Amino acid sequence: MNGKLIVFEGTDGSGKSTQFARLCRHLEEEGRPFRRLVFPQYQEPSSALLRMYLNGEFGSHPDDVNAYAASTFYAVDRYASWRKAWGEWYQGGGLVLSDRYTTSNAVHQACKLPEGEWNGFFQWLFDFEYGKLGLPRPDLVVYLDMPTDRAVEMLRAREAATHTSADIHEVDTGYLRKCRAAALAAAGYDGWRRVSCVDGDGKVRDIEEIHREIWSLVEESGLL
């Protein structure tokens, strides 16, 4: 009996990791068993190619590596994790939460292509990972939608607070803008649940308010 897979997706600076951690904590407080995944697995050998890519070793701009090639780097990392870390738990009926997944290729790689090719890329991508590689298809994808200008503000603030440097994706505002357009297209194509990170006036919503909306989506989906 297969388990259930909930995926959090969003462009860089959307607060996705914060909301992922908040849902994990909620499940822990309720005593619900689950496994937690975060992709990419930078600490694992399976991420070697994607680390080279993000560090700019194949080119300083995301477009220097085409959408299909870059997608395979991330897919191999997920496949290794599935085989080594969580496949048995999932196949035994367990609940899995993932911060990023195949969905991230849809967001960050499709935007390298002309918009008219996006649906064809989504079809290839989901067939490659869920079909050819045999990775589980998510039961619920929560897409945190943050306007790009707000996301850039969040990224720059995070870098200043943590004294870290952005990767080749995070420093390119035009690329981030295209990512959001691709994410909205993928959400419509694959049935993701969109959660807006701003209110009607464009103000960033409170973390707990967003969490309550996500918790409602999880409960409504019948995955718990």
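Trainee: Leaving aside neighbours within four places in sequence, which residues is Ala106 in contact with?
Mentor: Ala106 is in contact with Phe121, Phe122, Leu125, Phe126, Ala182, Ala186 and Trp192. Contact here means heavy atoms within 4.5 Å. Bear in mind that this is a predicted model, where local features need pLDDT of at least 70, side-chain atom pairs count only at pLDDT 80 or more, and totals for chains, interfaces and linings use all residues. Residues are numbered from 1 along each chain as its sequence is written, and side-chain values use heavy atoms, with hydrogens and water left out.

Trainee: What makes a group of residues a nonpolar core?
Mentor: The members must be buried Ala, Val, Leu, Ile, Met, Phe, Trp, Tyr or Cys residues joined through side-chain atoms within 4.5 Å. Buried means under 20% relative accessible area, exposed means over 50%, and partly exposed lies in between (1.4 Å probe, protein chains only). The largest nonpolar core has 31 residues, and Ala106 is among those with the most contacts inside it, as are Leu5, Trp86, Tyr101, Phe121, Phe122 and Trp192. Two or more residues each come from β1 (4–10), α3 (67–91), α4 (102–108), α5 (118–132), β4 (140–145) and α7 (173–190). Another core, of 23 residues, lies apart from it and includes Phe8, Leu27, Ile210 and Leu217.

Trainee: Why does Phe121 count as buried, and what is Tyr68 called?
Mentor: Phe121 has 0% relative accessibility, so it counts as buried. Tyr68 has a relative accessible area of 33%, so it is partly exposed.

Trainee: Why is the pair of Tyr68 and Phe121 called edge-to-face?
Mentor: Rings of Phe, Tyr and Trp (its six-membered ring) pair if their centres lie within 6.5 Å; planes under 30 degrees apart count as stacked, over 60 as edge-to-face and the rest as tilted. The centres of these two rings are 5.2 Å apart and the planes stand at 80°, so the pair is edge-to-face.
Mentor: Phe122 counts as buried at 0% relative accessibility, and Phe126 does at 4%.

Trainee: How are helices and strands assigned, and how many does the chain have?
Mentor: Helices (H or I, at least four residues) and strands (E, at least two) are DSSP runs, numbered from the N terminus. The chain has eight helices and five strands.

Trainee: How do you know that β1 and β4 pair?
Mentor: Two strands pair if DSSP finds at least two bridges between them. Five bridges join β1 to β4, and the two run parallel. The five strands form an open sheet in the order β2-β3-β1-β4-β5.

Trainee: Why are β2 and β5 called edge strands?
Mentor: β2 (35–38) and β5 (193–196) each have a single partner strand, so one side of each is left without a neighbour in the sheet.

Trainee: How do you know that the overall dimensions agree with a compact globule?
Mentor: The radius of gyration is taken over C-alpha atoms, and the globule rule is 2.2 Å times the number of residues to the power 0.38. For 224 residues a compact globule would have a value near 17 Å; the chain has 17 Å, so the two agree.
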